[in-house]
Amino acid sequence: MEHAEIRLRLEDAREAAAVFGRNDEFLRLIVERYAAARILTRGEEIVISAEAQEADKIRRIFEELLFLHRQGNILTSHECSYGIRRVAEGRAESLHSMFS
């Protein structure tokens, strides 16, 4: 299996707080779902280290949460859990339609 390391940059600490959730609630949900992956956060950077397919799924989850946040939506654990499920099913685009 191919291993991958993906780095994502966030705009600032406020954006990081929104994407990680209150007390890192959303980050914990993602880490629990992808326990074999290593997800590190350093300020405004996310480093995902995992098998390539899993790393890509985790990247998609963070990108979807970022998209929703940047559209002015307040994220909840419901959106995060829903996003995790939809990405696992290969249907991440349905997150966009939640707020259309």
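**Entry 1**

I started with Arg59 and Asp56, whose side chains meet in a salt bridge with 2.4 Å from N to O. I noted the rule: a salt bridge is a side-chain nitrogen of Lys or Arg within 4 Å of a carboxyl oxygen of Asp or Glu. Side chains of opposite charge can pair when their charged atoms come close.

Residues are numbered from 1 along each chain as its sequence is written, and side-chain values use heavy atoms, with hydrogens and water left out.

Both Arg59 and Asp56 sit in helix α3 (residues 52-70), 3 residues apart, about one turn of the helix. For element names I use DSSP runs, numbered from the N terminus: helices are H or I with at least four residues, strands are E with at least two. An α-helix has 3.6 residues a turn, so residues three or four places apart point the same way.

Is Arg59 buried or exposed? Arg59 counts as buried, at 19% relative accessibility. Asp56 is partly exposed at 34%. My cut-offs: buried is under 20% relative accessible area, exposed is over 50%, and partly exposed is in between, with a 1.4 Å probe and protein chains only.

**Entry 2: other salt bridges**

I searched the whole structure and found 8 salt bridges. Among them is Glu64 with Arg60, where the closest N and O atoms are 3.8 Å apart. Glu64 and Arg60 are 4 residues apart in α3, about one helical turn. Glu64 is buried at 6%, whereas Arg60 is partly exposed at 29%.

Next I looked at Arg86, which forms a salt bridge with Glu89, the closest N and O atoms being 2.8 Å apart. Arg86 is buried at 12%, and Glu89 is partly exposed at 46%. I also came across a network of salt bridges that links Glu5, Arg7 and Glu45.

**Entry 3: the nonpolar core**

Which residues touch the most other members of the largest nonpolar core? They are Phe20, Ile30, Ile46, Ile48, Ile58 and Phe62, out of 27 residues in this core. The elements giving two or more residues to this core are β1 (3-9), α1 (13-20), α2 (25-33), β3 (45-51), α3 and α4 (77-88). Of these, α3 gives the most, with 7 residues. A nonpolar core here is a set of buried Ala, Val, Leu, Ile, Met, Phe, Trp, Tyr and Cys residues joined through side-chain atoms within 4.5 Å. In soluble globular proteins, nonpolar side chains tend to be buried together.

I then listed the contacts (heavy atoms within 4.5 Å) of Ile48. Leaving aside neighbours within four places in sequence, Ile48 is in contact with Ala4, Glu5, Ile6, Leu8, Arg38, Ala55, Ile58, Arg59 and Phe62.

Ala55 lies in helix α3 and is buried, with a relative accessible area of 0%. Not counting residues up to four places away, Ala55 touches Ala4, Ile6, Ile48 and Ala50. Leu68 is also in helix α3, and Leu68 is buried at 1%.

**Entry 4: one face of α2**

In α2, I found Phe26, Leu27 and Ile30 buried. Seen down the axis of α2, the buried residues fall within an arc of 100°, so they line one face of the helix. The arc is that of the directions from the helix axis to the C-beta atoms. These buried residues of α2 pack against α1, β2 (38-42), α3 and α4.

**Entry 5: the strands**

How many bridges join β1 to β3? There are 7, and these strands run antiparallel. Two strands pair if DSSP finds at least two bridges between them. His3 stands opposite Glu51 in β3. β2 and β3 also pair in the antiparallel sense, over 5 bridges, and Arg38 has Ser49 in β3 as its bridge partner. β2 and β3 form a hairpin with 2 residues between them, and Gly43 in the turn has a positive phi of about 60°. As for cover, 6 of the 7 residues of β3 are buried.

**Entry 6: confidence**

Last, I checked pLDDT, the predictor's confidence in each residue, from 0 to 100. The chain averages 90, and 91% of the residues score at least 70. Among the elements, β3 has the highest mean pLDDT (97) and helix α5 (residues 94-98) the lowest (63). Where pLDDT is low, the predicted coordinates should not be read in detail.

Definitions and conventions. This is a predicted model: local features need pLDDT of at least 70, side-chain atom pairs count only at pLDDT 80 or more; totals for chains, interfaces and linings use all residues.
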